[in-house]
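Welcome! Take a moment to turn the model around on your screen, and then let us walk through it together, one part at a time.

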Amino acid sequence: MLTYVVRRLLYSIVVLFAASFIIFFFVSVSNDPLSFLRMQPTASEITIENISERKHLDEPIPVRYLYWVQDMFTNQFGTTTIGDRPILPDLTRVMGHTLQLVIAAELIAILLAIGIGVYSALRQYSAFDYSATTFSFVGLATPVFWLALMLQVLFVNIYLWFDIRIFYTANLSGIDPGTGLSFLLDRAQHLGLPVITLAIASIATYSRFMRASMLEVVNSDYVRTARAKGLHERKVTMRHAFRNALIPLVTIIALNLGALLSGAVVTETVFALDGMGFYYYNQLLLGDPYPVMAWLMVVATLVVVFNLVADIAYGILDPRVRYD
Amino acid sequence: MPEPVLSIRDLTVEFKTEDGVVRAVTDVTYDLFPGETLGIVGESGSGKSVSVMTMLGLVPMPPGKLVGGEALYKGRDLLKIPKKELRNIRGGEVAMIFQDPMTSLNPVFKIGDQISEALQTHRDGLSDGDARKKTIELLELVGVPYAERRYDQYPHEFSGGMRQRAMIAMAIANDPTVLIADEPTTALDVTIQAQIIEVMRAAQDETNAATILITHDLGLVAELADRVVVMYAGRVVELGDVHTIFNSPRHPYTVGLMNSLARVDLDREWLEPIPGQPPSMISPPPGCAFHPRCAFSRGRERCRTEIPPLRGFGDGLAHLSACHFAEELEAQHVTAALALEPS
């Protein structure tokens, strides 16, 4: 297993190197980094010239690529074209917020979805199963932005009618959240609605997977064998069926996490939440390529890492999968 | 005659399917005596396994439905006793070997642990160490080499034959009084089948369990069984000791089975298949379910209208057949056999 992980990490370096070149090349040719400045009447020709020189924009793309790679390792991914802000601190900040959002939402979603999925499968075609199925289809069919807006409307109205303020706007970096319990309470109030929004979509997906794989497993021969041994039904389900049913779900969750950490773009945008997705969206609007490229690089790394996590988790759960 | 250890009485089970209600077994009755091996033969879908599966509570209900009957084990009706008591019997006094060893073992647990689990379920307070020791003994008994090492392997590291050995070890772990083998060799290739038959024999000798052998392999029946139950379309059509069934069958279906069997004791040019297909279990033919395929019915009305009861011949209830014209069949079969005699 260890050899496998090391080997995969080495492959990952190659993959990320290739990714970095593709990212840099395509982003560079897609937009003139100075177009935004050129449209500003206040930006003088001299200023633009200076920036161009400082960022080596007059050089050919391969040379700029090398400067960029150098910045990536030694200089916090370089600075923004406009404002000359270092990029890495901003990325770290939004990453932190997204992590809080995604971890909270996914934890809730995974626990609920496993419960719902297993119970649905064990009580197939019961009222509970039908309700859960309906909820899942509605959840999957509901556009995230709409759900987010409706939640906002709901809680704003609760505030207006009953003067109860449960959730706050998602201005995460405004004031110091404190530590310990006060930190948790502050995050719960700020992140509550985005977490609910994200969790609903995840619950809908995961519970369907859990139900399907559990159904497949409870009708399998080895579960019948377990029952024929005289095991208690609870042990049959939890030991023999559940462990097997979990395998496909773990893969899906690990892959999904990689995607979610790149920011739930829509959710974060609707809630103006200062996370990965919102950051990316804003940088695209500004048309500054350097933050966009830095963001893409971080996301590429995350995807590679979570693919590896998925494979390792798979190997731990399923003895048939061995990587040596 | 000794007391039977297991008596199935008038067992009727239905399944609800999308196309209608399937009556999987109808009025199935047979006894299992201590120490004997009872073969249950019939083609796929004839209800061979359903009677024992129902008895052990392994048929999911719904879609299955118990319509009536009893399954008496040591005088207690297994169909009526509380779930907890049935669990204690299942895997303990009555154990099963399943058809497909490839899918019948849990892929994510070690082989040894799966057998130990069977031991520990039925023996309170058996320590992990003792269970391991006993499991290794069992694995050695069924002929798994390097049992100590193979205890810690997973099912995918075992071959089909080795897995079936492990299944047998699991089944005999608690010294069962009744051992049920549901097509134990069907999923294995022929060379392995012979080995597994030997293991089955060893297992029987070790536990002295009465065995029900469910199979469509008449060769296996001839090899292992003392008495035979022949099933067709969910009913018992013939029951008798193995020599009677093979030498003087009294039901046209059994005769058909024998004629379609390659035998070294008869020099035959051709094997004769039974014409037609097994009947639909949703709407079985009226009267005798076998009559559309029967070579002896010759369009007689009684076969189409009246369901033949299972009735005895000569020496009491040792040989039973469900054919209206079973007596006639004897003469028929003898001439047929004579015609096949080498000239």
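## Chain A: one kind of element

Reading from the N terminus, the elements of chain A follow the order α-α-α-α-α-α-α-α-α-α-α-α-α. That makes 13 helices and zero strands in this chain. Please keep in mind that what you see is a predicted model.

How far does the C-alpha trace of chain A span along its principal axes? The answer is about 85 × 60 × 35 Å. Of its 324 residues, 33% count as buried.

Look next at helix H5 of chain A, which covers residues 87-122. H5(A) packs against H8(A) at an angle of about 35°, and the axes of the two helices are 5 Å apart. Their crossing is right-handed. Sorted by class, the residues of this contact are 24 nonpolar, five polar and three charged.

Now find helix H9 of chain A, residues 221-228. Why can we call H9(A) largely enclosed by the rest of the structure? Because seven of its eight residues are buried. Those buried residues are A:Tyr222, A:Val223, A:Arg224, A:Thr225, A:Ala226, A:Arg227 and A:Ala228.

The cover comes from both chains. In chain A it includes helix H8 (180-218) and helix H10 (233-261), and in chain B it includes strand E6 (94-97) and helix H3 (101-104).

## Where the chains meet

How many residues of each chain take part in the contact between A and B? On one side there are 18 residues of chain A, and on the other 22 residues of chain B. On the chain A side, H9 and H10 each supply at least two residues. H9(A) gives the largest share of that side, with seven residues. By class, the side of chain A that touches chain B has five nonpolar, six polar and seven charged residues.

## Chain B: helices and strands

Chain B has 13 helices and twelve strands. Its C-alpha trace spans about 65 × 50 × 45 Å along the principal axes. A compact globule of 343 residues would have a radius of gyration near 20 Å, so the 21 Å of chain B agrees with that expectation.

Buried residues make up 46% of the 343 residues in chain B. Of the contacts in chain B with a separation of 6 or more, 65% are between residues 24 or more positions apart.

## A helix pair in chain B

To finish, let us look at helix H7 (residues 160-172) and helix H8 (residues 190-207) of chain B. They pack at an angle of about 15°, with their axes 10 Å apart. H7(B) and H8(B) are therefore roughly parallel to each other, and their crossing is right-handed.

Which residues meet here? From H7(B) come B:Gly160, B:Gly161, B:Gln164, B:Arg165, B:Ile168 and B:Ile172. Facing them in H8(B) are B:Ile192, B:Gln195, B:Ile196, B:Val199, B:Met200, B:Ala203, B:Glu206 and B:Thr207. The residues of this contact divide into seven nonpolar, five polar and two charged. As you compare the numbers along each helix, here is a handy rule: an α-helix has 3.6 residues a turn, so residues three or four places apart point the same way.

Conventions
Residues numbered from 1 in each chain as written. Chains lettered and ligands numbered in written order. Predicted model: local features only at pLDDT ≥ 70, side-chain atom pairs only at ≥ 80, totals over all residues. Helix = DSSP H or I, 4+ residues; strand = E, 2+ residues; numbered from the N terminus. Rg over C-alpha atoms; globule rule 2.2 N^0.38 Å. Buried ≥ 20, exposed ≤ 12 C-beta atoms within 10 Å, placed from the backbone. Contact = placed C-beta atoms within 7 Å. Axes fitted to C-alpha atoms, helices over the stretch in contact; angles between N-to-C directions. Parallel < 35°, antiparallel > 145°, perpendicular 65-115°, else oblique. Left-handed = near helix turned anticlockwise from the far one by under 90°. Nonpolar A, V, L, I, M, F, W, Y, C, P; charged D, E, K, R; others polar.
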